[in-house]
Number of protein chains: 2
Amino acid sequence: MPREVRERQMLDAAVEVFARRGYRAASMDEIAELAGASKPLVYLYLNSKEDLFSACIRREATALMEAVRAAVDPAAPAESRLWSGLRAFFAHTAEHPAGWAVLSCQARTHGEPFAVVVAELRQEIVDLVTRLLAETADGAAAAGERDAGGAGALPGHEVSGLAHALVGAAESLAGWANDRTGAVPTAKETAATLMNVAWVGLENLMNGQRWTASARP
Amino acid sequence: MPREVRERQMLDAAVEVFARRGYRAASMDEIAELAGASKPLVYLYLNSKEDLFSACIRREATALMEAVRAAVDPAAPAESRLWSGLRAFFAHTAEHPAGWAVLSCQARTHGEPFAVVVAELRQEIVDLVTRLLAETADGAAAAGERDAGGAGALPGHEVSGLAHALVGAAESLAGWANDRTGAVPTAKETAATLMNVAWVGLENLMNGQRWTASARP
């Protein structure tokens, strides 16, 4: 069997075991057994438990980013890019629940070398969403100036905060969808749930309509 | 010095060191030094690094929940409960950045005993938000029936998904606000950022107005 096939089987097994047991409790014996390989071969190919975990993280992060990128047409309007990106994100996390568990839970621990890889993936997604929102905000501001009733551009720090809120909401929803038993929502339903709450608010905000506490009960 | 004062100093120091170094890299020497206590005394009072970390998690989780609960008047309308709760949440996480770092990053690692405490805290907050949204949805549905143009109740699983989205957005925003250098937003500004996007969408949704992909570009 070619090495790359063997390695893929080892990584598949490792992702499953890390997701099920957690990094610390996962044993190389269980990973080797699930991969149908000997433990010395796992060590020979992937060096150590830490290196194996890092390889899992890198592979799962790359696959998730590629799935999202492939779904988004850069020439489409912001709203449909967000909608396509969210559907791809929820479809990928639903199809790879162990990979998502490893990325979202295990790998966030501060101070560990692999945390850096996950932080970079997250930053890449946040940057994507930030650009999307900034572009929408600029478009709305330009339209507002033309109409002379102008909203003015949304401040950059607020765009950045909104991007973080949206990414956090999507991460949390992906975990919720994967944890559900019984009626599991489709990726499209989960993406629509988020668009339902987020897009209308974003659109209003881009057009200068803010929620105000004082006008409310 | 009474034991409870000493223990509080040790926990204060431990939260700082765990936030800065991560659980694994944190040393009991550094914690003892920062607490101005001897290492044997730290072990005598708090037993082990793992028990010390668990005690930190429990204390920080309890303080955060209490701050949110104290700010929310159970008799107020849902919208102002959400607004008060969010402001209290962002104020507390901003005032206790190390505590929030420990809760949100270190403590999520699957398969560790302390992960259970954090999962319980998170579930408690999700339940609070779920009840708030369910109540709003029921109120809107009842009003809709009265008006006979009724929206009908929002399905329970969608309310649950929305609550998870909102909690994830708030968690992510708290990290974003604490990581900012320069113009740090106030808790009120961060809470308003979230209300801006979330509340309008929620209100529409409760009244049966959904975002639809087909009607959009």
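Through which surface do the copies meet? In this predicted model, 100% of the interface residues of chain A are also interface residues in chain B, so the copies meet through the same surface. Residues are numbered from 1 along each chain as its sequence is written, and chains are lettered from A in the order in which they are written. Because the model is predicted, local features need pLDDT of at least 70 and side-chain atom pairs count only at pLDDT 80 or more, while totals for chains, interfaces and linings use all residues; side-chain values use heavy atoms, with hydrogens and water left out.

Two copies of a chain are related by a rotation about an axis and a shift along it. Here, chain A is superposed on chain B by a rotation of 180 degrees with 0.0 Å of shift along its axis, at an RMSD of 0.0 Å (least squares on the C-alpha atoms of residues with pLDDT of at least 70 in both). The two copies are thus related as by a two-fold rotation axis.

Over all chains, a search of the whole structure finds ten aromatic pairs (rings of Phe, Tyr and Trp, the last by its six-membered ring, with centres within 6.5 Å; planes under 30 degrees apart count as stacked, over 60 as edge-to-face and the rest as tilted). One of these is the edge-to-face pair of A:Phe18 and A:Phe53, at 4.7 Å centre to centre and 80 degrees between the planes. This pair links distant parts of the chain, with A:Phe18 in helix H1 (residues 3-21) and A:Phe53 in helix H4 (residues 49-71) of chain A, 35 residues apart (helices are DSSP runs of H or I, at least four residues, numbered from the N terminus). Both A:Phe18 and A:Phe53 are buried, that is, under 20% relative accessible area with a 1.4 Å probe, protein chains only. A:Phe18, A:Tyr23 and A:Phe53 form one aromatic cluster. Over the ring of A:Tyr23 sits the charged end of A:Lys49, 5.1 Å from the ring centre (NZ of Lys or CZ of Arg within 6 Å of the centre and within 35 degrees of the ring normal).

A:Phe89 and A:Phe90 also form an edge-to-face pair, at 5.3 Å centre to centre and 70 degrees between the planes. A:Phe89 is buried, with a relative accessible area of 8%, and A:Phe90 is buried, with a value of 2%. Leaving aside neighbours within four places in sequence, B:Phe90 is in contact (heavy atoms within 4.5 Å) with residues including B:Leu173, B:Thr190 and B:Leu194.

Definitions and conventions
Helices (H or I, at least four residues) and strands (E, at least two) are DSSP runs, numbered from the N terminus. Buried means under 20% relative accessible area, exposed over 50%, partly exposed in between (1.4 Å probe, protein chains only).
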